Amino acid sequence: MLFFDSNDLLSQYRLSQKLNSLESDKLFYEQKIEEVKEEREELFSNNELLEKFAREKYMMRKDNEDVYIVVKK
């Protein structure tokens with residue numbers, strides 16, 4: 001197939017490479033979705049983990065306590 005249009009060999013190769021790249025990205029994101037679903041189930045089933053997550057991620061605190069953020073250099 002050596003044509004000088006949008007269906008030539010070079011274009012087909014590029015499209016094939018892009019398809020492979022997108023399929024690998026799809027697998028990566030599907031795995032990440034599964035990890036997040038498992039983490040979500042753990043958080044909502046255990047109140048202690050939910051509190052720990054809220055404190056670490058969103059820097060939430062109780063009314064009678066101070067929070068100090070330590071940044072490592």
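Me: What links E51, R55 and E65 in this predicted model?

Reply: E51, R55 and E65 are joined in a network of salt bridges.

Me: What makes E51 and R55 a salt bridge?

Reply: Their closest N and O atoms are 3.1 Å apart. A salt bridge needs a Lys or Arg side-chain nitrogen within 4 Å of an Asp or Glu carboxyl oxygen, so the pair qualifies. Both residues lie in helix α2, 4 residues apart, about one turn of the helix.

Me: How do you know that E65 belongs with R55?

Reply: The closest N and O atoms of E65 and R55 are 2.5 Å apart, and the limit is 4 Å. E65 lies in the segment after α2 while R55 is in helix α2, so the pair ties together parts 10 residues apart in sequence.

Me: Why is E65 called partly exposed?

Reply: Its relative accessible area is 23%. Buried means under 20% and exposed over 50%, so E65 falls in between.

Me: Why is E38 called exposed?

Reply: E38 has 52% relative accessibility, and the cut-off is over 50%, so E38 counts as exposed.

Me: What makes K32 and E35 a salt bridge?

Reply: Their side chains meet at 3.6 Å, N to O; the limit is 4 Å, so the pair counts. K32 and E35 both lie in helix α1, 3 residues apart.

Notes:
Residues numbered from 1 in each chain as written. Predicted model: local features only at pLDDT ≥ 70, side-chain atom pairs only at ≥ 80, totals over all residues. Heavy atoms only, no water. Buried < 20%, exposed > 50% of the residue type's maximum accessible area, 1.4 Å probe, protein only. Helix = DSSP H or I, 4+ residues; strand = E, 2+ residues; numbered from the N terminus.
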